[in-house]
Amino acid sequence: MYAGESLAGAAGAGVAADRRPRLLALALLVSLALHALLLALLPILRAVHPSNFDPPPLTARLARPKPPPEPPKVEPPPPAPLPRAAAKPPRPAPAPAEPPAPILAVEPARQAVEAAPVVPAVPPPLAPPPAAARTEPAPAAATGPDPASVARFRLELMELARRYKRYPRIAQENNWEGRVELRIAYAETGAMSSVTVRKSAGRAVLDEEAQAMIRSAQAQVALPAALRGRAFTLEIPVEFSLKD
């Protein structure tokens, strides 16, 4: 008995399961048919009642901007009262006019004009003729020393100065070298007036040694007769080298 009931229930359940896909398919077909019908009827409905489907057009109007409010008028302050002019002092009463003084009549004095004697004019004395200008001979221009004599004396002084050349010990220890250019000035008396450094060697000890050797040589050299009574200058270089 129970077995038969279970078989009948199983058969009923199978039939119900087969109906569900069919119902779903039928419902889908009906939905598609309704949508197709609506799409087909939509143009007809728009033609019959166009106002129900088309929205009214939008209209926009531009309003003029309101002008800005006028600024409040500022009234100018009242003008300051002008200062009152000071009262003028009363004018003094004019003094009574004095009676005019009597005018005295003056008669011109009569002067007697006497005729002066005529004196004949005397011509001025003649000036003596100007004396002839005396022409004095101009003093002869002083001539300079003979360049050849100056060159010979310069060589002689340089040769003699080499004998008195001493290399300072401090310069040898520090390897100091250099070239000193001296300028020797001679007066008209023939004596050496000055010995100056025209260009330094960069070391004071070398400059002093160069001047000392020139002074020592000057005492042993004789000034030639062609240079006596003439002022002149000499330029003599002195080399300090450790290779010598």
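This is a predicted model: local features need pLDDT of at least 70, side-chain atom pairs count only at pLDDT 80 or more; totals for chains, interfaces and linings use all residues.
Numbering starts at 1 along each chain as written. Local features need pLDDT of at least 70, side-chain atom pairs count only at pLDDT 80 or more, totals for chains, interfaces and linings use all residues, and side-chain values rest on heavy atoms, without hydrogens or water.

Start with the rings. Four aromatic pairs are counted (Phe, Tyr or Trp rings, the six-membered one for Trp, with centres within 6.5 Å; planes under 30 degrees apart are stacked, over 60 edge-to-face, the rest tilted). Phe153 belongs to helix α3 and Tyr186 to strand β1 (178–186), so the pair ties together parts 33 residues apart in sequence. Helices (H or I, at least four residues) and strands (E, at least two) are DSSP runs, numbered from the N terminus. Phe153 is buried at 1% relative accessibility (buried is under 20% relative accessible area, exposed over 50%, partly exposed in between; 1.4 Å probe, protein chains only). Tyr186 is buried too, at 3%. Phe153, Tyr186 and Phe232 form one aromatic cluster.

Tyr167 and Phe240 also pair edge-to-face, at 5.7 Å and 90°. Tyr167 sits in the loop between α3 and α4 (169–173), Phe240 in strand β3, 73 residues apart. Phe240 is buried, at 1% relative accessibility. The charged end of Lys165 sits over the Phe240 ring, 5.2 Å from its centre (NZ of Lys or CZ of Arg within 6 Å of the ring centre and within 35 degrees of the ring normal).
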